[in-house]
Amino acid sequence: MTKNIFLSGIYHETHTFLSQPTTLKDFIIYKNDDVVDKNTGNGSPMDGFIDYATKQNWNIISGIQMSARPSGIVDEESENYFDKNFFEKLENNYEKIDAIFLILHGAMVSKNHDDFEGDLLEKIKNFLSKKNINIPIVAVLDLHANV
């Protein structure tokens with residue numbers, strides 16, 4: 001039986017001592033099929049998952065991937081953009097997914113979240129709980145993550 005894995009990620013190392021915020025224009029953003037297409041073969045953690053999933057014959061349902069260079073606190077527009085795109089895609093696919101795989105960093109601070117990734121994981125858990133869905137959520141985190 002083929003597994004359907006929902007794949008998304010947000011990757012940012014925040015330096016809270018910097019005064020200039022990280023804005024949406026600072027992020028490289030891929031959505032839908034571009035998540036797989038733009039990461040296949042690039043040696044990233046996302047590529048590692050794509051390679052493994054392909055060998056396992058898993059079906060990848062791509063959501064959104066956002067990444068930015070280490071910089072200041074992430075602005076509200078960026079956090080809202082990620083959440084809107086992530087949860088819209090999850091809402092449209094939750095009934096057919098067997099697991100969620102996330103590429104995170106674990107050291108992202110945004111205007112409204114001191115622990116963006118931890119808060120994201122909590123929001124995902126609450127979303128799935130309301131839908132009465134019990135599936136694994138797996139996340140890749142950097143070794144110095146703050147989660």
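**Figure 1. Leu-120 and the residues it touches.** Setting aside neighbours within four places in sequence, Leu-120 is in contact with Phe-82, Asp-83, Phe-87 and Leu-104. This is a predicted model, so take every close-up here as a look at a prediction. Leu-120 sits in helix 4. Is Leu-120 buried or exposed? Leu-120 counts as buried because its relative accessible area is 0%, and buried means under 20%.

**Figure 2. Helix 4 from end to end.** Now for the helix that holds Leu-120. An α-helix has 3.6 residues a turn, so residues three or four places apart point the same way. What covers the buried residues of helix 4?

**Figure 3. Helix 3 and its cover.** Helix 3 has 18 residues and reaches 26 Å from its first C-alpha to its last, close to the 26 Å expected at 1.5 Å a residue. Buried in helix 3 are Ser-78, Glu-79, Phe-82, Asp-83, Asn-85, Phe-86, Phe-87, Leu-90 and Asn-93. Look around these buried residues and you'll find that their cover includes strands 1, 2, 3 and 4, along with helix 4.

**Figure 4. The largest nonpolar core.** In soluble globular proteins, nonpolar side chains tend to be buried together. Here the largest nonpolar core has 25 residues, and Ile-10, Phe-82, Phe-86, Leu-90, Ile-100 and Ile-124 touch the most other members. Which elements give two or more residues to this core? They are strand 1 (4–11), strand 3 (59–67), helix 3 (76–93), strand 4 (99–104) and helix 4 (116–130). Helix 4 gives the most, with five residues. Zoom in on Phe-86: beyond its neighbours within four places in sequence, Phe-86 is in contact with Phe-6, Ser-8, Ile-64, Leu-102 and Ile-124. Another core, of twelve residues, lies apart from the largest one, and its members include Val-36, Met-46, Ala-53 and Ala-99.

**Figure 5. The largest pocket and its lining.** Rolling a probe the size of a water molecule over the atoms shows where empty space is left. The largest pocket in this model has a volume of about 190 Å³. How many residues line the largest pocket? There are 15, and Tyr-11, Asn-39, Ser-44, Gln-65 and Ser-67 lie nearest its centre. Strand 1, strand 2 (28–31), helix 2 (45–55) and strand 3 each give two or more residues to the lining. By type, the lining divides into eight nonpolar residues, six polar and one charged.

**Figure 6. Arg-69 in its loop.** Arg-69 lies in the loop between strand 3 and helix 3. With a relative accessible area of 71%, Arg-69 is exposed. Tyr-11, one of the residues nearest the centre of the largest pocket, is 58 residues from Arg-69 in sequence and 8.6 Å from it in space, C-alpha to C-alpha.

**Figure 7. Two asparagines with positive phi.** Most residues other than glycine have a negative phi, and most peptide bonds are trans. Asn-57 has a positive phi, near 65°, and lies in the loop between helix 2 and strand 3. Asn-57 counts as exposed because its relative accessibility is 54%, and the cut-off for exposed is over 50%. Asn-132 also has a positive phi, of about 60°. Where is Asn-132 found? Asn-132 follows helix 4, in the loop between helix 4 and strand 5 (137–140). Asn-132 is exposed too, at 72% relative accessibility.

**Figure 8. Lys-96 and its surroundings.** Lys-96 is found in the loop between helix 3 and strand 4. Its relative accessible area is 46%, so Lys-96 is partly exposed. Not counting residues up to four places away in sequence, Lys-96 touches Asn-4 and Ile-61. Leu-141 is 45 residues from Lys-96 along the chain, and their C-alpha atoms are separated by 26 Å.

Note on methods
Residues numbered from 1 in each chain as written. Predicted model: local features only at pLDDT ≥ 70, side-chain atom pairs only at ≥ 80, totals over all residues. Heavy atoms only, no water. Core = buried A, V, L, I, M, F, W, Y, C linked by side-chain atoms within 4.5 Å. Buried < 20%, exposed > 50% of the residue type's maximum accessible area, 1.4 Å probe, protein only. Helix = DSSP H or I, 4+ residues; strand = E, 2+ residues; numbered from the N terminus. Contact = heavy atoms within 4.5 Å. 1 Å grid on protein atoms, 1.4 Å probe; cavity = no way out; pocket = protein on both sides within 12 Å on 5 of 7 lines; lining within 4 Å. Points joined across faces, edges and corners; volume = space filled by probe spheres on them. Nonpolar A, V, L, I, M, F, W, Y, C, P; charged D, E, K, R; others polar. Expected span 1.5 Å × (residues − 1).
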